[in-house]
Amino acid sequence: MKMERGLSIKTIVAIGIGSAVFVILGRFASIPTGIPNTSIETSYAFLALMSIIFGPIAGVLIGLIGHALKDALFYGSIWWSWVLVSSFVGLFIGVFASRINIQSGIFGGKQIITFNIVQAIVQAIGWFLIAPTLDIIIYAEPANKVYLQGIAAGLSNIVTVGVIGTILLISYARTRSKSNSLSVE
């Protein structure tokens, strides 16, 4: 029996496609909040979906590559503090994917609650604490500005992932065979 090393072709393709979709959603499916450089982003619901399906390595790379490309293409420079938080969010939602086991075809009340507790905690840590702190350290940004941006981004991401991410995961689970169902092959 041959042991696999590294990432599967399926995961590598998911990272490439996931990064591209993250860029597209970040550009065309975001809503400005009125707070400078802060939008309601649907891309994080998609990042959560991909992190749950493909795991933490895919999550961290989709967050990193997708956000860095989006910044470079549409803003002309990469805002590394927020890119790192996108990676953090993808990584830690992916780490908890095994507790949800979406591949079983079951995404009911218990899994929805687990998913939303995890994503809310991960995003709160990332957007309320890490992003603003890195903005101050890396870019010497004023604390009151970046903590307001972080809170706005975090709250909107928690809500969009909670609503859109949950809907995406319910829809995806419905495409999987239930783990306790009998099937004839």
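The following legends describe close-up views of a predicted model.

**View 1. The aromatic pair of Trp79 and Tyr139.** The structure holds six aromatic pairs. In the pair formed by Trp79 and Tyr139, the ring centres lie 3.9 Å apart and the planes meet at 20°, so the pair is stacked; the angle falls under the limit of 30 degrees that applies to stacked rings. The pair joins distant parts of the chain, its two residues being 60 residues apart. Trp79 belongs to the loop between α3 (56–75) and α4 (80–95), whereas Tyr139 belongs to helix α6 (residues 109–139). Trp79 has a relative accessible area of 30% and is partly exposed. Tyr139, with a relative accessibility of 24%, also counts as partly exposed.

**View 2. An aromatic cluster.** One aromatic cluster is formed by Phe22, Tyr44, Trp82 and Trp127. Among its members, Phe22 takes part in the contact of α1 with α3, and Tyr44 in the contact of α2 with α4.

**View 3. The packing of helix α1 against α3.** Helix α1 (residues 9–28) packs with α3 at an angle of about 40°, and the axes are 8 Å apart. The two helices are therefore oblique to each other, and their crossing is right-handed. On the side of α1, the contact includes Thr11, Ala14, Ile15, Gly18, Phe22 and Arg27. On the side of α3, the residues include Ala58, Leu61, Ile65, His67, Lys70 and Phe74. By class, the residues of this contact comprise 11 nonpolar, six polar and two charged.

**View 4. The packing of helix α2 against α4.** The axes of helix α2 (residues 43–54) and α4 come within 8 Å and cross at roughly 40°. This angle makes α2 oblique to α4, and the crossing is right-handed. From α2, the residues Tyr44, Leu47, Ala48, Ser51 and Ile52 meet Ser86, Val89, Gly90, Ile93 and Gly94 of α4. The residues of this contact divide into six nonpolar and four polar, with no charged residue.

**View 5. The position of Ala143.** Ala143 is located in helix α7 (residues 143–174). Its relative accessible area is 38%, and Ala143 is partly exposed. The C-alpha atom of Ala143 is separated by 28 Å from that of Leu61, and the two residues are 82 residues apart along the chain. Leu61 is one of the α3 residues in the contact with α1.

Notes
Residues numbered from 1 in each chain as written. Predicted model: local features only at pLDDT ≥ 70, side-chain atom pairs only at ≥ 80, totals over all residues. Heavy atoms only, no water. Phe/Tyr/Trp six-rings, centres within 6.5 Å; stacked < 30°, edge-to-face > 60°. Helix = DSSP H or I, 4+ residues; strand = E, 2+ residues; numbered from the N terminus. Buried < 20%, exposed > 50% of the residue type's maximum accessible area, 1.4 Å probe, protein only. Axes fitted to C-alpha atoms, helices over the stretch in contact; angles between N-to-C directions. Parallel < 35°, antiparallel > 145°, perpendicular 65-115°, else oblique. Left-handed = near helix turned anticlockwise from the far one by under 90°. Contact = heavy atoms within 4.5 Å. Nonpolar A, V, L, I, M, F, W, Y, C, P; charged D, E, K, R; others polar.
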